[in-house]
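Student: I would like to go through the terms used for this structure and see what each one rests on. Please set each value against its cut-off.

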Amino acid sequence: MADKAGRRRVMMWCMTAMPFCALGAAVSTRLAPFIGFAILLNAFGVAAATSAIVVVAEILPIDRRASGQSHAGIAVAAGGGLGLALMPILIARGLSWRWMLWVAAAGIVLFPTLALLLPESERWELAAQSGDTARTRFYDLFAPRYRNRSTVLTICTLLATLCSEGVTTYVYFHAVSVVGLSAAAASTMIFIGGGLGMIGFPIGAWSSERFGRVPTLVASGIAVAMGGLLFYWGPPKNFASPFQWLSASFCMLTIAQSAATVATNAAITELYPTSLRGTSLGWFALISAGASLTAESTIAILAKPFGGLSRVVGWLGLLAIPGSILFGLAIDETRGLSLEDAANQEEFRAES
């Protein structure tokens with residue numbers, strides 16, 4: 001829809017719908033409507049974020065595209081951090097966690113500002129005027145010119161999500177239920193590690209512009225696997241300070257994930273033409289969702305025979321390594337290229 005109707009229009013639709021979905025979930029007294037509103041809230045959120053990533057790539061000059069993705073990543077992380085900060089305050093006051101949904105719904109007050117300031121991509125407007133957006137279809141991601149890169153990126157997305165789903169989901173569980181930290185210590189660890197880990201966004205942007213998107217993603221992807229192993233297979237037995245071990249390894253993991261996010265978003269938005277840029281991110285988000293379900297099912301099935309959930313998560317984390325190597329071997333570098341040149345847009349237009 002972002003490729004057909006416009007990035008700004010889709011983002012405004014999503015930002016309009018999200019507060020009402022949050023309110024619906026907040027006031028639901030039965031499980032089915034709560035789940036329904038929560039799914040819609042998440043779906044609109046992903047669509048808005050995907051469109052925003054595309055806009056960042058299309059409106060910034062060549063030498064600032066990676067830093068733009070870095071700023072977007074910091075904004076997402078800050079929003080998540082706000083939620084973590086508010087949750088214990090609500091609990092301390094004896095309030096329901098559902099108040100978090102009311103906080104999310106309060107975003108509706110930003111609607112007038114968004115409507116006034118949110119730009120439309122000039123690249124998309126030109127593509128729409130030329131008829132490019134009307135001619136392209138979802139399956140053009142696998143047109144001959146893009147078939148190899150789409151297939152490789154699909155595999156890489158699958159492997160990366162199989163790694164990241166477990167690694168990011170069970171941090172608190174591992175710290176409290178496996179290592180034995182108190183809930184307060186685990187929350188402190190997440191705040192410290194997550195806060196320091198945000199430096200991975202500017203590091204990823206700097207590396208993407210200095211060395212390229214591909215080497216940055218390869219290095220950070222391998223670092224994610226190593227950070228996951230250190231966290232979930234540690235600390236060593238009888239280690240003097242498990243809190244320090246977990247905080248340091250979680251910080252390393254978060255830095256690597258942040259850098260990888262910047263390099264990934266910069267690369268993917270540069271590998272496809274304007275008329276397919278939103279579609280490509282939607283496709284990889286869909287693959288990621290399926291991989292998340294696969295990862296959770298795998299963890300549930302293998303946790304007992306493998307000696308615990310943390311052991312399985314560590315093994316799955318290693319899948320980031322072959323995915324990163326495959327990306328490095330098969331994906332073209334786009335640093336320093338215009339979006340049109342990086343995506344071979346003119347050649348694709350002539351063929352379609």
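Tutor: Start with the disulfide, defined as a pair of cysteine sulfur atoms within 2.5 Å. This is a predicted model, in which local features need pLDDT of at least 70 and side-chain atom pairs count only at pLDDT 80 or more, while totals for chains, interfaces and linings use all residues. Residues are numbered from 1 along each chain as its sequence is written, and side-chain values use heavy atoms, with hydrogens and water left out.

Student: What rules out a bond for Cys-14?

Tutor: Its closest cysteine sulfur belongs to Cys-21 and is 9.6 Å away, which is too far for a bond. The structure holds zero disulfides.

Student: Why is Cys-14 called buried?

Tutor: Buried means under 20% relative accessible area, exposed means over 50%, and partly exposed is in between (1.4 Å probe, protein chains only). Cys-14 has 5%, so it is buried. Cys-156, with 8%, is buried as well.

Student: How do you know whether His-174 is buried or exposed?

Tutor: His-174 has 1% relative accessibility, so it counts as buried. It is found in helix H10 (residues 171–179); helices here are DSSP runs of H or I with at least four residues, numbered from the N terminus. Leaving aside neighbours within four places in sequence, His-174 is in contact (heavy atoms within 4.5 Å) with residues including Phe-231, Tyr-232 and Leu-246.

Student: What makes H4 roughly antiparallel to H12?

Tutor: The axes of H4 (residues 65–92) and H12 (residues 200–210) come within 8 Å and cross at roughly 165°. That angle makes H4 roughly antiparallel to H12. Angles under 35 degrees count as roughly parallel, over 145 as roughly antiparallel, 65 to 115 as roughly perpendicular and the rest as oblique. Axes are lines fitted to C-alpha atoms, for helices over the stretch in contact, with angles from 0 to 180 degrees between N-to-C directions.

Student: Which residues of H4 and H12 meet?

Tutor: Among them are Ser-70, Gly-73 and Ala-77 in H4, and Phe-201, Ala-205 and Glu-209 in H12.

Student: How do you know which of H9 and H14's relative directions applies, roughly parallel or roughly antiparallel?

Tutor: The axes of H9 (residues 147–169) and H14 (residues 242–271) cross at roughly 160° and come within 13 Å. H9 and H14 are therefore roughly antiparallel to each other.

Student: What is noted about the backbone of Asn-238?

Tutor: Asn-238 has a positive phi of about 65° although it is not a glycine. At 73% relative accessibility, it counts as exposed. The peptide bond from Gly-234 to Pro-235 is cis, with omega near -5°.

Technical notes. Helix = DSSP H or I, 4+ residues; strand = E, 2+ residues; numbered from the N terminus.
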